Amino acid sequence: MPKRHALDGATAAMNAAAQVLAVRGKAEPQEFDNADVQWAMRAREGVWTPTRDKQRIHVSLDCAAGDRAATVLRPSLRVFAGIDVDTDIVAQTLADGIRLVTVVHGPEAPTSFRFTVSLPEGLALEAMPSGGFDVVNLRYGATVGRFYSPWACDALFRSIKARYELDGNTIVMRVPHEGAAYPVVADPHYSI
């Protein structure tokens with residue numbers, strides 16, 4: 001299958017994400033131009049985002065199909081098209097963090113997605129009963145950031161059981177999309 005043109009890929013990813021997010025409505029955080037969030041141009045270089053205690057964490061995206069430059073649609077929105085087979089990431093800046101909307105376009109796409117988190121000394125990821133991860137300041141025992149539990153749904157707005165696992169310092173999002181109507185949208189979301 002020929003590779004999609006970057007802008008076509010960005011448009012397809014945005015359209016898929018927009019439909020699902022519109023249905024989810026008010027529960028979704030709004031995009032915001034936040035100067036404290038700094039995106040690199042390539043997915044593997046990722047994003048630096050603040051914690052509540054004024055430190056910064058770094059999140060990078062795994063790119064099995066190649067580390068292409070982002071298509072920047074506006075300062076608070078970019079698309080990393082083709083990071084894996086039939087997979088794009090719509091990266092949003094939020095008022096208090098980031099959202100990495102993973103868009104799966106077909107059955108050949110992987111069912112697991114890796115987000116490597118680099119934390120400053122004194123911070124750690126702690127699993128939460130909800131299925132998410134808190135970023136905890138070990139000295140004070142305070143939560144200074146949160147990776148909310150993942151959700152996913154298909155093009156018919158049917159829920160898909162997404163879940164996180166921790167592999168060292170990498171959050172692995174599992175999205176079992178077999179039998180789904182494509183595209184499938186899943187949502188890692190971090191905020192302070």
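A residue counts as buried when its relative accessible area is under 20%, as exposed when that area is over 50%, and as partly exposed in between. Keep that in mind while we look at some charged side chains in this predicted model.

Take Arg174: its relative accessible area is 27%, so Arg174 is partly exposed. Arg174 has a partner, Glu165, and in their salt bridge the closest N and O atoms are 2.9 Å apart. Glu165 comes out as partly exposed too, at 29% relative accessibility.

Glu165 also meets the side chain of Arg163 in a salt bridge, at 3.1 Å from N to O. Arg163, at 42% relative accessibility, is partly exposed. Put together, Arg163, Glu165 and Arg174 make up a linked network of salt bridges.

Why do such pairs turn up? Side chains of opposite charge can pair when their charged atoms come close.

Now for another pair. Arg114 and Asp167 form a salt bridge, with 3.0 Å between the closest N and O atoms. Arg114 sits in strand E8 (residues 112–118) and Asp167 in strand E14 (residues 163–167), so this pair ties together parts that are 53 residues apart in sequence. Arg114 counts as partly exposed at 31% relative accessibility, and Asp167 is partly exposed at 42%.

| Pair | N to O distance |
|---|---|
| Arg114 and Asp167 | 3.0 Å |
| Glu165 and Arg163 | 3.1 Å |
| Glu165 and Arg174 | 2.9 Å |

How many salt bridges does the structure hold? There are six, including the ones in the table.

Notes:
Residues are numbered from 1 along each chain as its sequence is written. This is a predicted model: local features need pLDDT of at least 70, side-chain atom pairs count only at pLDDT 80 or more; totals for chains, interfaces and linings use all residues. Side-chain values use heavy atoms; hydrogens and water are left out. A salt bridge is a side-chain nitrogen of Lys or Arg within 4 Å of a carboxyl oxygen of Asp or Glu. Helices (H or I, at least four residues) and strands (E, at least two) are DSSP runs, numbered from the N terminus. Buried means under 20% relative accessible area, exposed over 50%, partly exposed in between (1.4 Å probe, protein chains only).
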